[in-house]
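Please open the structure in your viewer and keep the selection tool at hand.

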Amino acid sequence: MSAASRAPQRSDRATGVRATRVHAAHVRAPRAPRVRARRRAVLATGAVVTALLLSACGSGGTSGGGGNTNFVTGTDGISTVARSERVAAPDLSGRTIEGEHLDVADFQGKVVVLNVWGSWCNPCRAEAKYFAKVSEDYADQDVQFVGINTRDTSTGSARAFEKDFGITYPSLYDPTGKLMLRFEKGTLNPQAIPSTLILDRDGKVAARSLTALSEERLLKMLEPVVAEK
């Protein structure tokens, strides 16, 4: 084949490449909104994950403070707030690990001990026997214990945990931590696993601990609120 006959073929191939590139550009262009949507979804997911990382199991946490939080954290890690400055707990309702409906608001008029826990969490296991004991000791003093079980992938392991430690009070099943995220920032919100909150008889948060509790420290949180009239 002569050079003259080969030249148009090269030109056609070059034209075909250019055409393909132009066509690809036109195909990619409509994807931009979807790319932006995916990016927004990733950013939103990252924000949720960051919030949930605050609930990682450990023996301690950061109590917060500063600004207008109005609570005081003692050297023992227990944070308290004066009655006039307390904030109502958010809606804490849903299914328990037994599959029954529970609404913490139904216990208004009683002092409520909220304990955030997971069966996989060693500090939770360390404190569980104290919660089981104190919940029985105060059952006739208008005190209601409620657990919030989180990050357990099934209720089976959570039920086994309660059986092992003799826990008889109910626990809301909150595997993704949604209930924890309902608390307002800057208040006595749960920020670790385990976390323990004491709600007064008006359903307001009176005290908080972000560490595993001994019986002595649990009673130190509970008794002053029980004594309130």
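Begin by selecting Phe131 and Phe145, both of which are buried. The model is a predicted one. The ring centres of Phe131 and Phe145 are 6.1 Å apart and their planes stand at 85°, so this pair is edge-to-face. Because Phe131 belongs to helix H3 and Phe145 to strand S6, the pair ties together parts that are 14 residues apart in sequence. In total, the structure holds four aromatic pairs.

Next, select Phe161 and Phe165. Their ring centres are 4.9 Å apart with planes at 45°, so the pair is tilted. The two residues are four apart in helix H4, a separation of about one helical turn. Phe161 is buried at a relative accessible area of 3%, whereas Phe165 counts as partly exposed at 22%.

Now turn to the largest nonpolar core. Among its 49 residues, Val104, Leu114 and Leu222 touch the most other members. Elements that each supply at least two residues of this core include strand S5 (111-117), helix H3 (122-137) and helix H5 (215-226). Select Leu222 and show its surroundings: beyond its neighbours within four places in sequence, Leu222 is in contact with Val111, Val113, Val134, Tyr138, Val143 and Ile198.

Finally, display the second largest pocket, whose volume is about 150 Å³. Of its 14 lining residues, Ala89, Val104, Ala105, Gln108 and Gly203 are the closest to the centre. The lining comprises nine nonpolar, two polar and three charged residues.

Methods. Residues are numbered from 1 along each chain as its sequence is written. This is a predicted model: local features need pLDDT of at least 70, side-chain atom pairs count only at pLDDT 80 or more; totals for chains, interfaces and linings use all residues. Side-chain values use heavy atoms; hydrogens and water are left out. On a 1 Å grid over the protein atoms alone, a cavity is a set of points where a 1.4 Å probe fits but cannot get out, and a pocket is an open set with protein on both sides within 12 Å along at least five of seven lines; lining residues have an atom within 4 Å of a point. Grid points are joined across faces, edges and corners, and a volume is the space filled by probe spheres set on the points. Ala, Val, Leu, Ile, Met, Phe, Trp, Tyr, Cys and Pro count as nonpolar, Asp, Glu, Lys and Arg as charged, and the others, Gly among them, as polar. A nonpolar core is a set of buried Ala, Val, Leu, Ile, Met, Phe, Trp, Tyr and Cys residues joined through side-chain atoms within 4.5 Å. Buried means under 20% relative accessible area, exposed over 50%, partly exposed in between (1.4 Å probe, protein chains only). Contact means heavy atoms within 4.5 Å. Rings of Phe, Tyr and Trp (its six-membered ring) pair if their centres lie within 6.5 Å; planes under 30 degrees apart count as stacked, over 60 as edge-to-face and the rest as tilted.
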